[in-house]
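Subject: A model for you to look at

Hi,

Here is the structure I promised to send over. Please open it alongside this email, and my notes on it follow below.

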Amino acid sequence: MEHVHSDIRGDLYREAIKMQAEGIDVLKLNTGNPAAFGFPLPESIRKAIEGHEDKAVPYCDFQGMPEAREAIARYERSKGIEGINAGDVFIGNGVSEVVTFALMPLLNPGDEVLIPTPNYSLWSNTILLAGAKPVYYRCDEQSHWNPDVADLRSKVTSRTRAIVIINPNNPTGVLYSTDTLQQILQVARENDLIVFSDEIYDRLVMDGLKHVSTASLAPDLTVVTMNGLSKSHSLCGYRCGWMVISGPRPRTEEYRKGVVQLTSMRLCANALAQLVIPAALEDMETPSAMVRPGGRLYEQRKVTAEVLDQIDGISYVKNDAAFYMFPKLDVKKFNITSDKQFAKDLLEQTHVLLVPGSGFDWPEQDHFRLVLLPQADRLREAMTRMGQFLDGYHQK
Ligand code: PLP
């Protein structure tokens with residue numbers, strides 16, 4: 001456990017909860033939990049559950065309900081992933097759970113997995129818990145936060161087993177170029193590595209951009225694609241995610257046996273949540289309405305960018321997708337030597353909670369993650385307070 005960390009719900013979070021208990025109105029921008037900011041249960045989901053509750057009473061198939069897996073296979077095929085069917089799908093209690101099922105059967109102590117920095121710490125933590133070693137490849141802010149493929153390539157060793165891609169990315173909110181994906185896949189191809197592609201934000205892409213599934217570009221490689229309903233349909237609490245294994249079948253037989261052992265060991269995933277999967281994957285209007293002009297995610301991003309533009313000492317790459325940005329602080333100007341101290345001072349003085357860059361395994365002390373989920377006026381107010389806080393801030 002020594003290196004396992006979750007700064008999203010860490011010391012600062014506990015401090016914020018304490019402040020709330022004392023009656024202080026804290027704006028918690030630490031988690032990507034849309035329903036906590038008033039994103040409603042989609043009607044499509046309500047209809048899929050109401051009157052059908054009895055179907056979810058028994059344990060279901062350990063891989064997931066057949067109709068749900070059929071719907072997922074159809075969805076992933078529609079994204080261009082070839083040669084997959086319901087038998088290649090494993091449903092879990094969120095992507096958080098399937099990441100364990102995906103990594104554990106692959107890794108031996110001392111094995112290495114290439115993961116991005118910054119990254120969503122679920123990945124680094126699960127690799128550590130498997131006794132393996134996360135090796136960080138750098139994403140380059142100057143290249144719209146695309147992975148630096150030369151850096152990634154230089155970090156392959158004889159112990160490397162896999163590459164993790166998070167696209168669209170948390171915490172940067174950017175969408176990777178197809179060319180970058182192709183280059184990463186080439187590294188995997190040359191070194192016989194499995195690719196894990198976390199695509200949980202694929203339905204929340206803005207500005208007319210199109211998400212390309214990693215696996216659709218590499219039918220010759222073993223790719224494990226992760227996705228789920230927490231974000232696109234604001235269903236974090238339902239715990240509904242999945243993984244799909246694609247690529248030449250004979251190469252994955254042994255690996256699949258391990259995945260089957262782990263998934264069957266926990267009997268089944270929450271069946272109530274699986275009932276809604278076919279309806280959710282038919283309902284693309286819910287996520288589309290959030291990201292088009294006039295939609296909450298689009299408008300909230302606009303407001304955030306407008307206020308950030310006014311703050312001296314902050315620069316940022318505007319997100320293409322999801323609801324995060326990873327702005328940069330001018331550490332010289334503010335004398336910042338600890339991003340945790342910055343976040344603590346901000347919480348105490350403005351009552352805004354956010355997660356510093358080091359919480360995403362970012363090696364420098366100069367970034368933080370913003371969650372763009374609150375309504376536009378609340379966000380504007382919080383960002384304005386941050387600007388006032390930074391005006392004259394000098395870390396001691
Ligand atoms: N992957 C990424 C990149 C995430 O940002 C999150 C949640 O924030 C998850 C996975 C976990 O999602 P789930 O709710 O499906 O466990």
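To start with the ends of the chain: are α1 and α14 roughly parallel or oblique to each other? Before the answer, some ground rules. This is a predicted model, so local features need pLDDT of at least 70 and side-chain atom pairs count only at pLDDT 80 or more, while totals for chains, interfaces and linings use all residues. Residues are numbered from 1 along each chain as its sequence is written, and side-chain values use heavy atoms, with hydrogens and water left out.

**Two helix pairs**

Helix α1 (residues 11–21) and helix α14 (residues 339–350) pack at about 10°, and their axes are 11 Å apart. The two are therefore roughly parallel. Helices here are DSSP runs of H or I with at least four residues, strands are runs of E with at least two, and both are numbered from the N terminus. Axes are lines fitted to C-alpha atoms, for helices over the stretch in contact, and angles run from 0 to 180 degrees between N-to-C directions. Angles under 35 degrees count as roughly parallel, over 145 as roughly antiparallel, 65 to 115 as roughly perpendicular and the rest as oblique.

On the α1 side, L12, E15, A16 and M19 meet A343, K344, L347 and E348 of α14; contact means heavy atoms within 4.5 Å. By class, this contact has 5 nonpolar, no polar and 3 charged residues. For the classes, Ala, Val, Leu, Ile, Met, Phe, Trp, Tyr, Cys and Pro count as nonpolar, Asp, Glu, Lys and Arg as charged, and the others, Gly among them, as polar.

The second pair is α4 (residues 95–103) with α5 (residues 122–129), packed at an angle of about 40° with axes 10 Å apart. These helices are therefore oblique to each other. From α4, the residues V95, S96, V99, T100 and L103 meet L122, W123, T126 and I127 of α5. That contact has 6 nonpolar, 3 polar and no charged residues.

How many of the residues of α5 are buried? The count is 6 of its 8, so α5 is mostly covered, where buried means under 20% relative accessible area, exposed over 50% and partly exposed in between, with a 1.4 Å probe and protein chains only. The buried ones are L122, W123, S124, N125, T126 and I127. Their cover includes α4, β3 (112–117), β4 (133–140), β6 (160–166), β7 and β8. After α5 comes G131, with a positive phi near 85°.

In the loop between α4 and β3 you will find L107, which is buried at a relative accessible area of 7%. L107 touches V113, A130, A132 and R161, leaving aside residues up to four places away in sequence.

**H211 and S216**

Both of these sit in the loop between β7 and β8. H211 is buried, with a relative accessible area of 7%. Leaving out residues up to four places away in sequence, H211 touches K79, N167, P168, L175, E199, D202 and V205. The side chains of H211 and K79 are joined by a polar contact of 2.7 Å. A polar contact is a pair of N or O atoms within 3.5 Å; within protein, one must be able to donate a hydrogen and the other to accept it, and residues adjacent in sequence count only if both atoms are side-chain atoms. A polar atom of the H211 side chain also lies 3.0 Å from the backbone oxygen of N167.

S216 touches K79, G80 and I81, again not counting residues up to four places away. A polar atom of the S216 side chain lies 2.6 Å from the backbone oxygen of S213.

Most residues other than glycine have a negative phi, and most peptide bonds are trans. Which peptide bonds are cis here? One joins T117 and P118, with omega about 0°, and another joins N167 and P168, with omega about -5°. P118 is in the loop between β3 and α5, whereas P168 is in the loop between β6 and α7 (178–191).

W145, not a glycine, has a positive phi of about 60° and is buried at 1% relative accessible area. D192 also has a positive phi, near 55°, but counts as exposed at 58% relative accessibility.

Best wishes
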